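Student: I have a protein model open and would like to learn how to read it. Could we go through it together, one feature at a time?

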Amino acid sequence: MLLAASAVQVGLASPPAELQPIPLLTLARTTRRLPRTGDPIWDLRLQIPGEPDRHFDAVSGRADRQSANRDRMGSEAPLPVGRYRIGAIEPLGRQGPRELGPIWIGIEPEFTTGRRVLGIHLDPSAGRNWNSGTAGCIGLIRSNDMHALADLVRRSGTNTLVVAQ
């Protein structure tokens, strides 16, 4: 009887699984811009409970397409606002498109949109030339950040991305 009472007390002391903090990735536009190309810099923030927040500078869409329809395929606009499920983390290898960098992290919208084949990847052209920015994905600006983000997402089990205005 004492054992059963202790189990109930422990159960009551522990918050339900849905109330426990979970890792979260968020994307929000900043007021900063890349100097040479004018691309807006977006803050990709990873929050892992019990650890300091990590921030990664990123681009989303093309500099001159920031006001385009974010739900239309081919608009080259930033990602639509909303919640996304984070999918597989995949190495692209030497045969992969150079403009996507060495790693692809797939993301799937949890809402209706015309956008498809979305992900997080490196943008090796960020701030350098006419190809700066993305066709609508999240493009990290620094190569080392891409590797760090992939490792942190994998280790923490982060499975949600929220895109803000």
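Student: Where is Asp-53 in the chain?

Tutor: Start by placing a residue among the elements. In this predicted model, Asp-53 sits in the loop that joins strand 2 (40-47) to strand 3.

Student: Is Asp-53 buried, partly exposed or exposed?

Tutor: For that, look at the relative accessible area. Asp-53 has 36% relative accessibility, so it counts as partly exposed.

Student: Which residues does Asp-53 touch?

Tutor: Leaving out residues up to four places away in sequence, Asp-53 touches Arg-45, Leu-46 and Gln-47.

Student: Let me try Thr-26 next. Where does Thr-26 lie, and is it buried or exposed?

Tutor: Thr-26 belongs to strand 1, residues 24-33. The cut-off for buried is under 20%. Thr-26 is at 15% relative accessibility, so it counts as buried. Its contacts, not counting residues up to four places away in sequence, are Asp-43, Leu-44, Arg-45, Gln-47, Leu-161 and Val-162.

Student: And what about Asn-131, buried or exposed?

Tutor: Asn-131 is in the loop between strand 6 and strand 7 (138-140). Asn-131 has a relative accessible area of 17%, so it is buried. With residues up to four places away in sequence set aside, Asn-131 touches Arg-62, Glu-99, Asp-123 and Ser-125.

Student: Which elements make up the whole chain, and in what order do they run?

Tutor: Count the elements, then read their order. The chain has two helices and eight strands. From the N terminus on, they run α-β-β-β-β-β-β-β-α-β. Of the 165 residues, 44% count as buried. Looking at contacts with a separation of 6 or more, 55% are between residues 24 or more positions apart.

Student: Which residues lie nearest the centre of the largest pocket?

Tutor: To describe a pocket, give its volume and its lining. The largest pocket holds about 270 Å³ of space. Among its 20 lining residues, Val-117, Thr-134, Ala-135, Gly-136 and Cys-137 lie nearest the centre. The lining divides into seven nonpolar, seven polar and six charged residues.

Student: Where does pLDDT stay under 50?

Tutor: Over residues 1-12, and the model has zero contacts beyond four places in sequence for them. Where pLDDT is low, the predicted coordinates should not be read in detail. For the chain, the average pLDDT is 88, and 85% of the residues score at least 70.

Note on methods
Residues numbered from 1 in each chain as written. Predicted model: local features only at pLDDT ≥ 70, side-chain atom pairs only at ≥ 80, totals over all residues. Heavy atoms only, no water. Helix = DSSP H or I, 4+ residues; strand = E, 2+ residues; numbered from the N terminus. Buried < 20%, exposed > 50% of the residue type's maximum accessible area, 1.4 Å probe, protein only. Contact = heavy atoms within 4.5 Å. 1 Å grid on protein atoms, 1.4 Å probe; cavity = no way out; pocket = protein on both sides within 12 Å on 5 of 7 lines; lining within 4 Å. Points joined across faces, edges and corners; volume = space filled by probe spheres on them. Nonpolar A, V, L, I, M, F, W, Y, C, P; charged D, E, K, R; others polar. pLDDT = per-residue confidence, 0-100.
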